[in-house]
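Keep the model in view as you read.

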Amino acid sequence: MRVLFCSCVIITNESKVLITQRPNGKFMEGFWEFPGGKVKNFEQFNAAAVREINEELGVQIEIKNLQFLMNIFYQYPNYFLSMQVYFADKWQGKVKGMEKQRIKWVDKAMLNDCNMLPASRKIIQKILKSKKF
């Protein structure tokens with residue numbers, strides 16, 4: 001079984017949380033997710049998170065502004081996901097879908113109503129219970 005190492009970032013703007021939609025042609029297309037992506041060989045999880053946010057959203061987050069939130073382990077049919085989740089409320093630049101993906105800001109209370117990836121369920125539970133968001 002293949003193991004996929006990823007990082008994602010919960011980006012907040014006051015009471016809203018940023019989510020992105022997986023584009024057509026990608027695994028689980030159409031589902032919403034928290035932005036992030038694969039960790040490259042010899043790359044640290046937090047460095048991967050910063051790089052992926054810049055590539056996907058065109059904004060810069062400094063590693064010192066990432067706060068570790070949790071680890072996620074999830075078994076998908078074709079691979080096992082190991083993901084570190086971070087939180088950030090400070091960034092530079094204007095958020096935009098650099099890969100032509102849809103983005104939207106949602107109230108945290110509405111996250112359960114979005115068609116989120118299955119691995120996101122525990123993250124959503126943590127967000128709903130946290131006073132950070």
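Start with contacts, meaning heavy atoms within 4.5 Å. Among contacts in the protein between residues at least 6 apart in sequence, 67% join residues at least 24 apart. This is a predicted model, in which local features need pLDDT of at least 70, side-chain atom pairs count only at pLDDT 80 or more, and totals for chains, interfaces and linings use all residues. Residues are numbered from 1 along each chain as its sequence is written, and side-chain values use heavy atoms, with hydrogens and water left out.

Now the elements. The protein has two helices and seven strands. These are DSSP runs, numbered from the N terminus: helices are H or I with at least four residues, strands E with at least two. Along the sequence the pattern reads β-β-β-β-α-β-β-β-α.

Next, the inside. Buried residues (under 20% relative accessible area, 1.4 Å probe, protein chains only) make up 47% of the 133 residues. A nonpolar core is a set of buried Ala, Val, Leu, Ile, Met, Phe, Trp, Tyr and Cys residues joined through side-chain atoms within 4.5 Å. The largest such core has 26 residues. I10, I19, F34, M83, V85 and I123 have the most contacts inside it. Strand 1 (2–13), strand 2 (16–21), strand 5 (67–75), strand 6 (79–88) and helix 2 (121–129) each supply at least two residues of this core. Another core, of 13 residues, lies apart from it and includes A49, I53, V59 and L66.

Which residues does I19 touch, leaving aside its neighbours within four places in sequence? Its contacts include W32, F34, I103, L111 and M116.

Conventions: Buried means under 20% relative accessible area, exposed over 50%, partly exposed in between (1.4 Å probe, protein chains only).
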